[in-house]
Each structure stands twice: as structure tokens, then as C-alpha cells.
Number of protein chains: 2
Amino acid sequence: MSQSNMPTARTRVVREPERGVYDRETAYAILDEGFICHVGFTPNEQPFVIPTSYGRKGDNLYIHGSAASRMLRKLNEGVPVCVTVTLLDGLVLARSVFNHSMNYRSVVILGTAKLVDDPQEKLEALRILSEHIIPGRWDDARLPNEKELKATSVLRMSIDEFSTKVRTGPPIDDEEDYSFPTWAGVLPLEMVTQALVPDPKLDPTREAPPYITDYSRK
Amino acid sequence: MSQSNMPTARTRVVREPERGVYDRETAYAILDEGFICHVGFTPNEQPFVIPTSYGRKGDNLYIHGSAASRMLRKLNEGVPVCVTVTLLDGLVLARSVFNHSMNYRSVVILGTAKLVDDPQEKLEALRILSEHIIPGRWDDARLPNEKELKATSVLRMSIDEFSTKVRTGPPIDDEEDYSFPTWAGVLPLEMVTQALVPDPKLDPTREAPPYITDYSRK
């Protein structure tokens, strides 16, 4: 998992090249912490960017949706797709407006996606998607039946051509600005859970298991 | 701001149409709470999806970046662009794997973007971008000088063709699953701030002002 991946002309980071990272380990750590991607595809001339969940197994990314989804059907035609995952870590407050920034980690994957036909791989991909978002849930929920599997499409995308961009650390100001009288530093941001909201139809004596009460993305 | 916007064939929500919302008020509330968008454009055949910050004034969306940015220069050629903003509100745990979902609010805007040439509108757009992300910061930081303004490009996109998708509330299970013995409900997620990290080069006696210590997106 630690082999580096040579950037292509399409994935080499040109703006702020020092933020460009091309090893799989960094990319996969980002993909494994997030669970919402933005899928870009261009059915005609107009691109669309649609948020959806995803899972990863090895060098494959899986997305899923309704078998009637226009997006999934279009992607299965083999049109070029871009999948981007962005984790926001903080706001970077410099002395100058110009040097303000954000700390973030993002992965951009280019390629094509293909419908998973094999029933065993499809079920396994759905398990991976579920466990990616809420580890422990798959074995504690009612599993998909034949009808539901038929109504669901899963697409596989090979993670071959990708780039990662990472910014961390304090603001970088111009030398003459360090004396400017304002606060400077990082305001970290984090996605955290709030108090559980049980389904009104849930038996009130049923308690949430640890994989839900202790849920965290880190 | 409360007039409704008729969906076009390109923006009408087909999957889960009950989640489709087309009024500007809902869309603008989502745009104003978020500050990261994913910009999709297709320089050639391959779409790219790039995260960036944004600001809004009236029916215009502004994005900015380096004047050397390939993305901004490409967009200014008038290629079709899609800007998507997604706010994740929670994980929806149903009894069946199939009925698991997420609570979210997203806006998809289609159109084209144009370089802001007028110096006054450009400076105002940069103020809007800054105030959108950290209200109060503009008046407390060193403002852009001529050289920095020249090195920055601002693009304007008219918010004409858009759609909004919203899911809220508890899981919806199939009737026969309500007796399935598992916890069900919503695990709310929220982006919150963590303890400030002052710049190591900051005078340690300088305290952060309330617009930073009380920062919140709500």
C-alpha cells in the first residue's frame, strides 16, 4: 500500500505543487476517513457534480444507488468520471487577507466506472459501503434480500490515476506582515456526532450499541 | 428571495423527487451555511471536480483563486460548470441495510462563470468571500494590496439554474421490518470548532477576538 504513484499530466498538482502528494497510503487514509465523495460526470456538454457515499476495498472504490439512477447508468456507459473526497481540517487565519487559507486533505480520482455484475462481489461491495460508513452495522441490521439487491446498482472504479492535496500547519505571512496587530493561527474544524435521535417508532427500552454510541471517524 | 425557481429538465430531481426543492430561500440558506463547494468542469473529455471556497451576493456566486489557476482560466472561457454544495446532517440507521440513508442538504448550480473585471466589484467579491467564511475578519486583517489583487482572479456565476435536495427526519423502514431487533434512528453529525491553535509566531499576549472564539456556522 505504500508504493508511490507517478502523477500523470492530468493529476499533477500545478497550483501549490508543494501540497501535491501521490502515494497511495496518504490517499487511502483520506478515503478511509471520509465517506462522502463528489462524483463528476458529463452526460452531454454540461458536467454534473453529485454527492454520494462510497466504500473502498484495496485499489477499488465502490459507489451505489438505485438501479434506476441516471447517474449510475450513464457512468456504466464508460464516460470519464472524477471522484473527489475532501476533508476540511481548519481555517487558517493569516495577518493578510491574501494569505488566508484552509487546512484540508483531498483526493481526486480520474477514470471510468463499471457495474458490478457478479452477485458475490456486489453483496461484498454493499457490505464494504455499509461498514465504511458505520462499522459494525452490517451484522446488526436486516441484510438485503433478492428484491433489494435487484433494485440496487453498485459501480466499481479502479483507483489508478489520482492525486492528493494536503495543507497543514500555521499561516504563512509575508515577512513585513508579522507585526500587523491581529490574531493569527488555525481554527480547527471537526465533524463530530451529536446526541442520538432514536426513531419515534423504536422500542424506548432498546439501547444503542457501542458501535453507534462511540462512533467516530478518526 | 422567496420566489420559486422552476426546475429545468437538467435540474429536476428524478431520484427521490420528494427531496427536490426549488425555491431560492432554501438554496440560499444552504449556500450561506456552507463555505466549501465542489466545482465540476470538463476541459476536454475528462471532468474534474475541485473543492474551493465561495461567497454569495444576491443571485451571484463568487469563487476565487490564483490568477494562474488553470481551472479559473478554463472556466472563464465559458465552459459549462457545475457547482455543488453539500451539508451532511446525519446518518440515518434503518432496520434494513437497504433503507439506511443520510440526512443532508445539497445545492447543485449549473451555468457558466465569468471573470470579474471591475476592480470595485472584485474587491467587494473578495470581501464577500472573506466575510462568508469568517464574518468579522475583513476589518481585522491586512487588506489586499495592488500586487495581491493582480495575482488573484475572481469569477462570478449567476445562480439561475439550480436544484436543492434535502433529506431530514427518521428512517423509513418497510412495515414488516419495524419488529427487527436493532437500534434505529439518526446519528446527527455537525462540523464544530476545536481549540484554537495560535500561530507559533504570534505574540502570546494577543487574545483571539469574539468573532473567532465564538465562531459557528449556524
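In strand S3 of chain A, Ile50(A) is the bridge partner of Val39(A), and the two strands concerned, S2(A) and S3(A), pair in the antiparallel sense over 6 bridges, where pairing requires that DSSP finds at least two bridges between two strands. Between S2(A) and S3(A) lie 6 residues, and the two strands form a hairpin. Strands (E, at least two residues) and helices (H or I, at least four residues) are taken here as DSSP runs, numbered from the N terminus. The model is predicted, with local features needing pLDDT of at least 70 and side-chain atom pairs counting only at pLDDT 80 or more, whereas totals for chains, interfaces and linings use all residues. Residues are numbered from 1 along each chain as its sequence is written, and chains are lettered from A and ligands numbered from 1 in the order in which they are written.

An open sheet of chain A is formed by 4 strands in the order S4-S5-S9-S8, with antiparallel pairing. Its edge strands, each pairing on one side only, are S4 (55-57) and S8 (113-115) of chain A, and neighbouring strands are turned on average by 35 degrees against each other, direction ignored. Within this chain, S5 (residues 60-66) and S9 (residues 152-158) are joined in the antiparallel sense by 7 bridges, and Ser153(A) in S9(A) is the bridge partner of Gly65(A). Helix H3(A) lies across S4, S5 and S9 of chain A and runs at about 120 degrees to S4(A); axes are lines fitted to C-alpha atoms, for helices over the stretch in contact, and angles run from 0 to 180 degrees between N-to-C directions.

In chain B, helix H3 (residues 119-133) has 15 residues and reaches 21 Å from its first C-alpha to its last, close to the 21 Å expected at 1.5 Å a residue, the expected span being 1.5 Å times one less than the number of residues. Among the buried residues of H3(B) are Leu126(B), Ile128(B) and Leu129(B), a residue being buried if 20 or more other C-beta atoms, placed from the backbone, lie within 10 Å of its own.

The contact between the chains takes 74 residues from chain A and 74 residues from chain B, two residues being in contact if their C-beta atoms, placed from the backbone, lie within 7 Å. On the side of chain A that touches chain B, S11(A) gives the most, with 9 residues. Strand S12(A) is also joined to S11 (residues 185-193) of chain B by 2 bridges, the two strands running antiparallel, and Val197(A) stands opposite Val186(B) in S11(B).

How values were computed: A residue is buried if 20 or more other C-beta atoms lie within 10 Å of its own, exposed if 12 or fewer, and partly exposed in between; C-beta atoms are placed from the backbone.
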